[in-house]
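Colleague: I'm new to reading models like this one. Could you walk me through a few features, one by one?

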Amino acid sequence: MSTAPFPEPGSTDDLRGLLLDYLDYYRAIITDKLDGLGPDQLVSTNVPSGWTPAGLVNHLVHAERRWLVWGFLAEPVDDPWRDMAPSGGWVTLETRYDELERALLDAGRRTRAIVEEHDLTETAGVGGRFPDHESAPQLQWILLHLDIAREVLDGHGGAVTDP
């Protein structure tokens with residue numbers, strides 16, 4: 001495993017850098033855990049929602065795009081929900097580990113670039129994911145929400161669409 005040590009909150013007064021380090025840290029954990037899985041294992045599931053390792057990476061890539069590009073920047077994106085299957089589950093891609101890793105790291109680079117160019121208290125733009133200023137969250141809120149941890153605890157999964 002090549003994951004760096006957990007970024008301790010007391011180690012810096014740079015909240016932006018710390019949040020970005022957390023995201024990079026968790027991306028590294030994901031890629032480390034996927035490394036060495038065979039094609040069948042990447043598309044197999046052991047959680048109540050039916051998520052697969054490949055489906056989780058696909059979701060994370062699209063969630064970052066959905067929240068930061070379409071949401072925060074209010075830029076148009078093609079099919080912002082393309083990680084969601086018509087049945088309500090998540091789309092699993094039949095792909096290799098290196099392609100999943102590259103997609104996750106590319107999403108991380110885009111996220112880092114966006115976050116480094118904006119104040120954490122800046123509110124998301126209107127016109128993309130958010131139809132009005134009242135529904136648009138601050139960048140710091142976007143960076144701190146979670147989903148999979150709850151599913152692992154008790155099987156309750158799914159995306160929250162309202163901030």
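Modeller: Let's start with a term: contact means heavy atoms within 4.5 Å. Leaving aside its neighbours within four places in sequence, Asp83 is in contact with Asn58, His59, His62, Arg66, Gly89, Trp90 and Val91. This is a predicted model, where local features need pLDDT of at least 70, side-chain atom pairs count only at pLDDT 80 or more, and totals for chains, interfaces and linings use all residues. Residues are numbered from 1 along each chain as its sequence is written, and side-chain values use heavy atoms, with hydrogens and water left out.

Colleague: Is Asp83 buried or exposed?

Modeller: Buried means under 20% relative accessible area, exposed means over 50%, and partly exposed is in between (1.4 Å probe, protein chains only). Asp83 has a relative accessible area of 0%, so it is buried. Asp83 and Asn58 are 25 residues apart in sequence, yet their C-alpha atoms are 6.3 Å apart in space.

Colleague: How do I read a pair of aromatic rings?

Modeller: You describe the pair by the distance of the centres and the angle of the planes. Rings of Phe, Tyr and Trp (its six-membered ring) pair if their centres lie within 6.5 Å; planes under 30 degrees apart count as stacked, over 60 as edge-to-face and the rest as tilted. There are 5 aromatic pairs in this structure. For Trp67 and Phe130, the centres are 6.1 Å apart and the planes are at 40°, so this pair is tilted.

Colleague: What kind of pair do Trp70 and Trp81 form?

Modeller: An edge-to-face one, with 6.2 Å centre to centre and 90° between the planes. Trp70 is buried at a relative accessible area of 16%, whereas Trp81 is partly exposed at 26%.

Colleague: And how do I read two packed helices?

Modeller: Look at the angle between their axes and the distance between the axes. Helices (H or I, at least four residues) and strands (E, at least two) are DSSP runs, numbered from the N terminus. Axes are lines fitted to C-alpha atoms, for helices over the stretch in contact, and angles run from 0 to 180 degrees between N-to-C directions. Helix 1 (residues 15-34) and helix 4 pack at about 175°, with axes 10 Å apart. Angles under 35 degrees count as roughly parallel, over 145 as roughly antiparallel, 65 to 115 as roughly perpendicular and the rest as oblique. Helix 1 and helix 4 are therefore roughly antiparallel to each other.
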